[in-house]
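Please open the model in your viewer and keep the sequence panel beside it.

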Amino acid sequence: MRFRWAIIGLTLFYSAYTLLAPGEDNKWSLDNYKENIHLGLDLRGGVFMKLEVDLADALDQYLEEQAGTIKGSLEGDKFTVASAVHDFDSQSVTLHSVASTEYPDTLKRIKEIYGNWTVTRTGDNITLRLHETAKKAIEEGAITQTVKKIQQRVDELGVTEPVINRTLGSNRIIVELAGADDDQRVRQIVQEPGQLEWRLAVRGASQAATPEELQRNAGNVPPGAKMVHFVDEARGSDYYMYLQEVMLTASHVSDVSVTRDERGLPAVSIVLNRAGGQIMHTNSGSNVGNQLAIVLDGIGISAPVINSQLSERFIIQGSFSQQEVEDLVIKIKSGSLPAKVVVLQSRKIGPTLGRDAIKSGTMSAVWGLALVVVFIVVYYRVAGLFALASLALNLPLIMAMLSGIGAVLTLPGVAGFILTIGMAVDANVLIFERIREELRSGTMPKNAVDVGYKSAFVTIMDANITTFLAAFCLYLMGEGPIKGFAIMLMIGIVCSIFTAVFCSRTFFLQYIKRRSSAKTLSIWPLWASKSPGSD
Amino acid sequence: MKDINFMGSRGKFGALSVLLVIASLAYLIIFGMKLSVEFEGGIKLTITFPQEVAIGDLRQRIDALEPGSQIVQLKREAGTGSEFSIKIRKSDSDEDSHESGLGITRLLLLEREFAGLGNDDADLITLLTSITDADMVARLSADNLLKVNDTDVVRNKQHTDLVTRIKANLAESTSLVDLATKVQPEGPDDLVLGLRKAYPAINRTTKELFAKILERDNPLGREDAAYADVAEGVMAARAANNDFLPDHATLLAGAGLEATEAATFGTYMKNNFTIGHYKINDNASFSASIAAELLNNAWTAVLLALLGILIYIGLRFQWGYAAASVLALFHDVIISLGVFAALGGELSNPVVAAFLTIVGYSLNDTIVVFDRIRENINHNRKPVVVDLMNNSINQTLSRTVVTSLTTFFVVGVIFFTSGNETLEDFSLPLLIGIIVGTYSSIFVASPALLWWSNKFKSITVN
């Protein structure tokens, strides 16, 4: 007995602790439950979006880049290639009229260089088809990069606790912004291609550690010059430079990749498109010795020195480690989204909607509970009170478990909670009906209670496991708010089995103990006038 | 207590059930079930006005832009304004049907109509007319509305040009969209969104964002730039006014500032915020492709649940019990679906969840009876199955009735009193399901089990 009460006490303590534990302010108060029960977006208000990274577009963009790059690098390797055409359907690049004076076996040489591709020859034409594994890697990269990019951009919105998650193993991204109110702007932000700029440095205004110092040193800065903050996390350097107006943007860059310079050190290879190449050609000639800065979303990421006149293809070299080069490539590439982003689903929930829903939900719960209370007490008398006591235990316990496992309360969850109130008494009803039957057949109250609980237990488990299974399937396949309903139902089932089977039995045992000699039990109002066993 | 002979009338009830199932199936096949926006693709807006708006007015305005949209007036207490739900299905002919929502342009045009019912656009145009060019340049330039990625000098210059064009067109413009089209024919949507962001409507702003704007602008020159108290006060005043501040005076009273500060704050609010006479409470949009996928998931969930339950009962009891309970389950789900569809219900996510709950609930009832049948069989040497079944149903009858009643009470309370759409969507199928489920656990499940027992394998044999 004592053991039973201890467990009930512990449960109560756990519930109270979980619900009322103070947050950062370290103050205990009854109001803490508001912070400890995490509300879902549908009750808090905010913007929800489900995005999809268009993988076909990612591959398309990649193949398009590759067609140019492959042709270019083969030509650099003493090949002649008439043209390179990419075909999206077959995921391949076809090189027309390939010939080489250097390599008698062109096919063999190309196979050596392009390990990621399946290379075949028909006549003078060579076709490179993307390997399945390489394709996966490109898609994977596109998704990761998009998530990262959206994270950066959403940070600018200034929303507290933004949630940006990739749905595991898919090309879907979930964005949840509590408290945001402008879904159109969020849509714009996540779909906008990025801001990558290439700007020449202002000559004579060398870099400095602080803006003030730079201003002092620079002297006359031409109008239109922009001070840019450079942050190189890898090297821990942090400086300011004056830059001229934008020379190239992300739209001019067709490929960025890791390569090696003539000394065999890691370097970044840049391929511009035709227009970009022309701009580069005109501007770099007069700027040999000057720095060309790469600015990503307003922050400088690198400012290499121009060594000679450049055009479409060039490399950025320096004493880079392989890792640094890879990071730089990712940064330059992330200037634009690697693929189109499609908004599959979006929802904006106003701040008052959830408040009203909680209000009306609470009212419904109170009324529903009141009805159940009246009914149960009238029908089961004292035993009904035990059922209600266990129901009363049930409610904080469900909320505490919800908060304890870090699940959120959603609007369908509220419905699930109210439903649980109705269903939670079921286990008690099963037990009480059994006890009544035993009493009717003349069993002594104490034994009747024992038998009632024991035989009802199997039924309770069977009946609840099936509901649990249904809820679990809903949890697996449902999403967002509906998951909240499924979780609530599952928690509700577990809690009500515990309170009905364990707690209400404890109350019963305590009651019987006091009246161990009693011949009747107040559970039997409908036939109370008759003596037990007369039926 | 005399036993009621349920099993004796199994023929009549069996016929009734078959009839009901056939009727439901026929209804579902002929008329089908309406699908909600989430399962069909399209958008659903819930919009609230502080004043009484006649549904005809709204319909007229919306029909011109989005023919075929559904508009329903939602229940609201008298004197608390009006609320509507607007559904616009996305047809396949829409461009880019892969994308959810209407696209910014169409949505902005819709909002123009909502704004027309209050005086929202007029308010904003008045605000823009009254403030100085310099203030407007400062504001728009700080927001970088034109997305100028250049020096402050260049950015300022471009925004000054923009403000000059805006000011020149203000007098002739009737709506924001109209103004934007004149000022910036290429990309008017960006201008509308930009102006709305720069001069938000207080009735459409969240408390968090309002506090943030105040912190950014620091209109009272507070040392810590903390305005949580002001934001709290204004939002409390808004809540007290049915979530709509009627004018700047009420707003100012709510802010709870002293006279000197109040004057400064009042001017700041007048120059930076409009009031806002409508708000979109809920805006959900689903692309057609995800709609199909969601519907698919819903079916998978239901089938998975059925399969899992079948296996569980098969293992715990015998396959006969499993078959009978799944039959009872189909009976319950099909009749509930039929009745729900006939009552004009729409299939949505909450409804699917409710149906899965019916699956669990109806089984719950059935299993209690089956459990008793099994127990009675084990306790009897030479059982007569029909009598045993009848005994078992009678023994569990009061439990069945009590549980159904309590659950029915509670769900009924949600349905009749909550006044919340989602909660109502949940509770209607549940109410139907509880009735049908209770009926089937008494009149369908056991006869089905008996039929199986006679036909395939007697349940008295282990």
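## Two loop residues in chain B

Begin with B:Asn144, which you will find in the loop that connects helix 6 (133–143) to helix 7 (152–170) of chain B. Bear in mind throughout that this is a predicted model. If you display the backbone torsions, phi of B:Asn144 is near 55 degrees, a positive value in a residue other than glycine. B:Asn144 counts as partly exposed because it has 14 C-beta neighbours inside 10 Å, a number that falls between the limits of 12 or fewer for exposed and 20 or more for buried.

Next select B:Asp243, which sits in the loop between helix 11 (228–240) and helix 12 (248–255) of chain B. Here too phi is positive in a residue other than glycine, with a value near 70 degrees for B:Asp243. Is B:Asp243 buried or exposed? B:Asp243 is buried, because 20 other C-beta atoms lie within 10 Å.

## Where chain A meets chain B

Now show both chains and select the residues in contact between them: 72 residues of chain A touch 75 residues of chain B. On the side of chain A that touches chain B, at least two residues each come from several elements, including helix 7 (183–191), strand 12 (237–249), strand 18 (341–349) and helix 11 (351–404) of chain A. If you colour that side of chain A by residue class, it divides into 38 nonpolar, 19 polar and 15 charged residues.

Stay with strand 18 of chain A, which is joined by five bridges to strand 5 (residues 279–286) of chain B, the two strands running antiparallel. To see one of these pairings, select A:Gln345, whose bridge partner in strand 5 of chain B is B:Phe286.

## A sheet and the domains of chain A

Within chain A, select the open sheet of three strands, which follow the order 13-14-17 with antiparallel pairing. Its edges are strand 13 (253–260) and strand 17 (313–316) of chain A, each of which pairs on one side only. Looking across this sheet, neighbouring strands are turned by 25 degrees against each other on average, direction ignored.

Seven bridges join strand 13 of chain A to strand 14 (residues 266–272) of chain A, and a pair to pick out is A:Arg260 with its bridge partner in strand 14 of chain A, A:Pro266.

Finally, colour chain A by its domain assignment, which gives domain 1 (2–44 + 351–527), domain 2 (57–131) and domain 3 (197–333). The C-alpha centres of domain 2 and domain 3 of chain A are 30 Å apart.

Notes:
Residues numbered from 1 in each chain as written. Chains lettered and ligands numbered in written order. Predicted model: local features only at pLDDT ≥ 70, side-chain atom pairs only at ≥ 80, totals over all residues. Domains from an automatic or database assignment. Pairing = 2+ DSSP bridges. Helix = DSSP H or I, 4+ residues; strand = E, 2+ residues; numbered from the N terminus. Axes fitted to C-alpha atoms, helices over the stretch in contact; angles between N-to-C directions. Contact = placed C-beta atoms within 7 Å. Nonpolar A, V, L, I, M, F, W, Y, C, P; charged D, E, K, R; others polar.
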